[in-house]
Amino acid sequence: MAVSHAFHSPLMEPMLEEFRQVLKTVEFRKPTLPAVSNVTGTWVDPQEWCSPEYWVRQVREPVLFADGVRTLLDAGVTTWVELGPAGALTSMVAHCADTENVATAAALRPGHDDVSTVLAALATVHVNGHAVDWSPLFPHARTIDLPTYAFQHQHHWLDVRPLFTTSTSGQGDAWRYRIDWRRRVAGGSGSLSGRWLLLVPELNRPEPWTVGAEQMLSDYGCEVVRVQIGAAENRTALVAAVREAVAGRRIDGVLSLLALDDRPHPEEDAVSAGLVAVAHTVQVCEELGIGPLWVATRHAVSADGADGPAQASQAQIWGLGRVAALEKPQLWAGLIDLPAHADDRMRGLVADVLSAPEAEDQLAVRESGVLVRRMVRTTAPATAEGWQPSGTVLVTGGTGGVGANIARRLVTQDIEQLVLVSRRGPEAPGAAALLEELAASGIPVTIEACDVTDAAAVRSLVEAVSADRPLSAVIHAAGTLDDCLIDALTPQRFAGALDVKVKGALNLHECLKDAHLVLFSSLAGTIGTKGQGNYAAANAFLDALAEQRRAEGLPATSVAWGAWEGEGMVADEAVASRTRRYGLPLMSPAQAVEALWQVMAEPGAAHIVADIDWPRFAVDFTASRPSRLIADLPEVRSLGDLGVAEQSTGMLDALAGMTEAERGQALLDLVQELVTTVLGHDSRAPIGPGSSFHNIGFDSLTAVELRNLLAVHIGVKLPATLVYDYPTLASLADHLREHLAFDDRDTVDGLFAELDALGSKLAAAELSEDDRSRVTRRLKEMQSACAPQPDPSRDLQSASRAEVLDFLTNELGISR
């Protein structure tokens, strides 16, 4: 509301007495509905409501809106409808409710059709279980009964995107998320033990944690195996160095500081040595069977108010690490961002993190304590208008699917020129038709050829923009994919994903001053996507670069997108089907562009816009490894306990009690069940024991998923090549049966190992005479219980002379 003075402040005091006198002439009536007061934040007293003094307080005193929201939440209110002109309170309710499961709707929103907005608000009320009288709107409609049987549908064709989803117009906030950092509630065990492998880089600068980490582990009594690695060392050299240092000994944990090397890799200047070293570390630990693996960074995240912006080269390590957690759930322990100093208190906090048994795997240690990373919902603040671009706007990747959709929206705006950039420029497929389409708007449009990885070419492109039509925004939507599993990552595979996104973004950043740099990031960098470790690293870099640019006083926005539908995005139907199966429905480009205009009008550097089917996504995301990242979302909390159940012990116990034939059938049933889950089928009927993994649609990603699920259920490490080594379900089940090797010999060997361990403990124990006697008696009781039962048919009368002498010697201690 536009007013001449600031209400609810001391500036109102000069008018209060006159206002009081006017109120005394007003007739007040008691409210007929329960109401909450923003003066008190509690339920209204009807008598006080009718008092002029109450309304004087309304003008002068602060608005206790959050207290009022909490009062209603405590009363069980879950649905909120705003009757107002702008929807300002709707977003405030969602913010105050934080992680509470609430539904909000505004009856009116600026720039939106009034009828559609009101109907969307009523629909929100209806689908949240509240009665709405639709008869005035549909006077001739009738209702029909639903079927009385439990009906199901099984699709035998490719998925078809529904015409309407819960994320359609009027539900834009359903796509909006952000990253939040919260103080860790539970601590670790507070103690480390065993033998730890410490990997440190050879740096040309002082780094407190290369010394501090070793001191921390030693202070807690750990045996430290320290290996120093140079930036130029490849995977083969790393394997050799680690194997030699470990020398076949058991390793209880791995802490890698190799990410701290930010220097360019000798083979690819767009890739940091630390990023390649982390990928190689994952590969080597998997090959040698050592772990769990913790990867440490510094300044990779901005976790509290005292932090500066995240350092982009370190942030990309976190993008890779989130993918490692999904691809290597048994190996991966987590990411820890180290504090600036390695003093006693900070070393203690880091040690506490390393000893924690919980599922937190993205943590930052700061002076204020240990912080954990969370994905939470956010809502669009009520703004009068969306983004209003002006002057010249430049779009990289402008002739691709995403760029073309943005261009179509831009030519409807009040801009003076649009420049679309791609590597091939006017020669790009579809460029001529797109130019003709856009030119019909009357806005001058040009398509330029430019390699955004070439700093000089980018500089020339920017300088060519006329001063009469100044550059107001650059949308960096260019990018390339080079998907592969972490096992296959090399410096060159990293460069394939980082060159255009990272190099291009840096070149634009260095050339732009006042122009708003808009970076198209991806959900892959925010939460991780299997098979996209390099792409995730590139996008995490962009998110951090936007924060860094904002900190320098320059305009920047990064948007981590979900999957867009259409050509140049997720056009392949097989990929689209798998994306939906993972719980990521494809977003309508028109709605995504609308969300971009909304985001661009908001403060903040980093945003997340994604359509996520949480019941499906959360189950898949936590199938092989628990994750606290998404645990605070209302949709995830409503699903109950997720994550890896303690299934392996129960499964192994059940298998151990079976016959060989029963065991083989149980393992085949397990393989069939998990294959059905991985492929997203409703029934396992079409998948028989002789089915070939290749023929039923397995690829490298689904092979990893099956390997991880099997490891969860039977508790053993398995190679990612499992479905290639054993190409049918039956052959895989047979291999598992042989690999588990249930027999009596294993049981005897295990007993001997336990007896050896008990003997070592007894030899090292300092026992009093009384305690020693008690232990001896207990051991004799155990010996008697374990001894073969005597044959009652044999006694001294029937024993031979030799047997009697043996009895006297062994039992009574009488020598011959």
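**View 1. Confidence along the protein chain.** The mean pLDDT of the protein chain is 85, and 87% of its residues reach 70 or more; pLDDT is the predictor's confidence in each residue, from 0 to 100. This is a predicted model, in which local features need pLDDT of at least 70 and side-chain atom pairs count only at pLDDT 80 or more, while totals for chains, interfaces and linings use all residues. Residues are numbered from 1 along each chain as its sequence is written, and side-chain values use heavy atoms, with hydrogens and water left out. Helices (H or I, at least four residues) and strands (E, at least two) are DSSP runs, numbered from the N terminus.

**View 2. Residues 158-171.** Over this stretch pLDDT stays under 50, and the model has 18 contacts for it beyond four places in sequence. A contact means heavy atoms within 4.5 Å. Where pLDDT is low, the predicted coordinates should not be read in detail.

**View 3. Helix α11.** Eight of the eleven residues of α11 (residues 344-354) are buried, so the helix is largely enclosed by the rest of the structure. Buried means under 20% relative accessible area, exposed over 50%, and partly exposed in between (1.4 Å probe, protein chains only). The buried residues of α11 include Met346, Arg347, Asp352 and Leu354. In the protein chain, 45% of the 816 residues count as buried.

View 4. In β15 (residues 516-522), seven of seven residues are buried. In a regular strand the side chains alternate between the two faces of the sheet. One side of β15 holds His516, Val518, Phe520 and Ser522, the other Leu517, Leu519 and Ser521, and all are buried. Strand β14 (residues 471-476) runs parallel to β15 and is joined to it by four bridges; two strands pair if DSSP finds at least two bridges between them. Val474 has Leu517 of β15 as its bridge partner. From β14 the chain crosses through helix α15 (residues 491-511) to β15 in a right-handed β-α-β crossover, that is, with the strands pointing away from the viewer, the path from the first strand over the helix to the second runs clockwise. Strand β16 (residues 556-561) is also parallel to β15, with six bridges between them, and Ser522 stands opposite Trp561 of β16.

**View 5. Cysteine Cys511.** Zero disulfides are counted, a disulfide being a pair of cysteine sulfur atoms within 2.5 Å. Cys511 is in no disulfide; its nearest cysteine sulfur, that of Cys450, is 9.4 Å away.
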